[in-house]
Amino acid sequence: MTTRRNFIKLSAIGSVFSFNSFSVFNKKPAIKTSKKPVVISTWNHGIMANKKAWKILSTGGKALDAVEKGVMEVENDPTGSSVGIGGRPDRDGRVTLDACIMDEKSRCGAVAFLQDIKNPIAVARKVMDETPHVMLTGQGAKQFALEKGFKEENLLTPESEKAWKEWLKLSKYKPVINVENHDTIGMLALDSNGDLSGSCTTSGAAFKLHGRVGDSPIIGAGLFVDNEIGAACATGLGEAVIRVAGSHLVVELMRQGHEPEEACKLAVDRIIAKHENMEGLQVGFLALRKDGKYGAYSVYKGFNYALTNDDNQEVMIDVKYDRS
Ligand code: SD4
């Protein structure tokens with residue numbers, strides 16, 4: 001039985017413990033802030049996205065605006081088969097989109113399973129800016145978007161419909177995950193104020209089950225930003241990323257002192273450790289630290305990202321792969 005005296009003792013221990021854990025987990029990190037803007041984003045389409053983001057960053061704009069407007073370029077491109085209009089549909093032939101955004105104040109917004117609206121990232125930003133919530137899904141997200149003036153449109157392009165009909169012939173439900181260069185766009189930016197933001201937008205795994213949502217709109221999985229440390233985003237098989245809260249893990253590893261590339265590699269190791277069968281399971285992480293240092297790593301070879309800063313314009317970086 002807990003006597004009053006024991007209870008007081010226990011509470012005292014509890015408060016010492018919680019004070020100590022607070023001081024350990026919230027210790028100010030010794031990462032210097034860079035005020036030199038930089039933006040990185042996943043895959044080849046990152047070039048077009050960075051170009052737009054750089055216009056904002058290089059003229060003193062905010063990282064938050066850069067990551068929103070940057071990835072919108074890819075959402076608006078009907079030839080991209082994994083983001084926005086032109087994104088591959090689910091197994092029922094419906095294009096459903098996921099996106100999220102996070103800023104330097106840890107404010108965040110997301111939409112999942114959104115249909116008929118081309119720019120899920122802009123809707124996610126509105127969720128962040130204009131509601132007390134973090135995530136809206138499905139019909140509710142669409143209703144919100146329409147109320148905010150977004151246009152309803154058919155996102156299934158003739159090319160996407162053709163690909164879906166081709167897929168229907170065999171109807172294999174196992175999602176085929178990239179290694180080609182057309183995928184989810186995740187973008188991380190640091191602005192001239194030294195602030196970080198990130199965004200992530202996708203049509204998700206092609207020919208997924210209707211209603212399936214991956215990692216991309218989930219804060220901590222597809223994207224995470226901590227303005228004291230850094231930011232991270234993910235691409236690849238969302239289910240695997242969610243299982244390890246991938247982007248949050250990368251940021252926490254940077255908090256512990258790991259370099260951005262090493263943090264991404266350790267998160268990839270964690271995914272490998274948690275999955276018995278890694279066949280075809282591609283995941284890539286991208287990280288940007290508060291001091292402007294960046295890095296990436298993936299399970300398999302073939303992941304690349306676009307980098308833009310004062311010294312590098314329109315540069316693609318192939319992610320180093322040193323796994324045998
Ligand atoms: C998803 N992570 O829906 C997304 C898809 C992706 O590279 O990024 N593919 O699982």
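In this predicted model, the side chain of arginine 212 places an N or O atom 2.6 Å from an oxygen atom of the ligand. Two further contacts are listed with it in the table; a polar contact is a pair of N or O atoms within 3.5 Å.

| Residue | Protein atom | Ligand atom | Distance |
|---|---|---|---|
| Arginine 212 | side-chain N or O | oxygen | 2.6 Å |
| Aspartate 215 | polar side-chain atom | nitrogen | 2.6 Å |
| Glycine 238 | backbone N or O | oxygen | 2.9 Å |

The protein buries 99% of the 290 Å² that the ligand exposes when taken alone (Shrake-Rupley areas, 1.4 Å probe). Around the ligand stand 12 residues, of which Asp183, Thr184, Arg212, Asp215 and Gly236 come nearest; a residue is near if one of its heavy atoms lies within 4 Å. By type, this shell has eight polar residues, three charged and one nonpolar, with Asp, Glu, Lys and Arg counted as charged, Ala, Val, Leu, Ile, Met, Phe, Trp, Tyr, Cys and Pro as nonpolar, and the others, Gly among them, as polar.

Local features are given only for pLDDT of at least 70 and side-chain atom pairs only at pLDDT 80 or more, while totals for chains, interfaces and linings use all residues. Numbering starts from 1 along each chain as its sequence is written, and side-chain values use heavy atoms, without hydrogens and water.

The structure holds three aromatic pairs (rings of Phe, Tyr and Trp, the latter by its six-membered ring, with centres within 6.5 Å; stacked under 30 degrees between planes, edge-to-face over 60, tilted for the rest). One of them, tryptophan 43 with phenylalanine 303, is edge-to-face, at 5.1 Å centre to centre and 65° between the planes. Tryptophan 43 sits in the loop between strand 1 (38–42) and helix 2 (46–57) and phenylalanine 303 in the loop between strand 10 (294–298) and strand 11 (304–309), so the pair ties together parts 260 residues apart in sequence. Helices (H or I, at least four residues) and strands (E, at least two) are DSSP runs, numbered from the N terminus. Tryptophan 43 and phenylalanine 303 are both buried (under 20% relative accessible area; exposed is over 50%, partly exposed in between; 1.4 Å probe, protein chains only).

Tryptophan 167 and phenylalanine 207 are stacked, because their centres are 5.0 Å apart and their planes at 15°. Both residues, tryptophan 167 and phenylalanine 207, are buried.

Helix 6 has Ser160, Trp164 and Trp167 as its buried residues. They fall within an arc of 60° seen down the axis of helix 6, so they line one face; the arc is that of the directions from the helix axis to the C-beta atoms. Pro158, Glu159, Lys162 and Lys169, on the other side of helix 6, are exposed.

Methods:
Polar contact = N/O pair within 3.5 Å; in protein donor to acceptor, adjacent residues only side chain to side chain.
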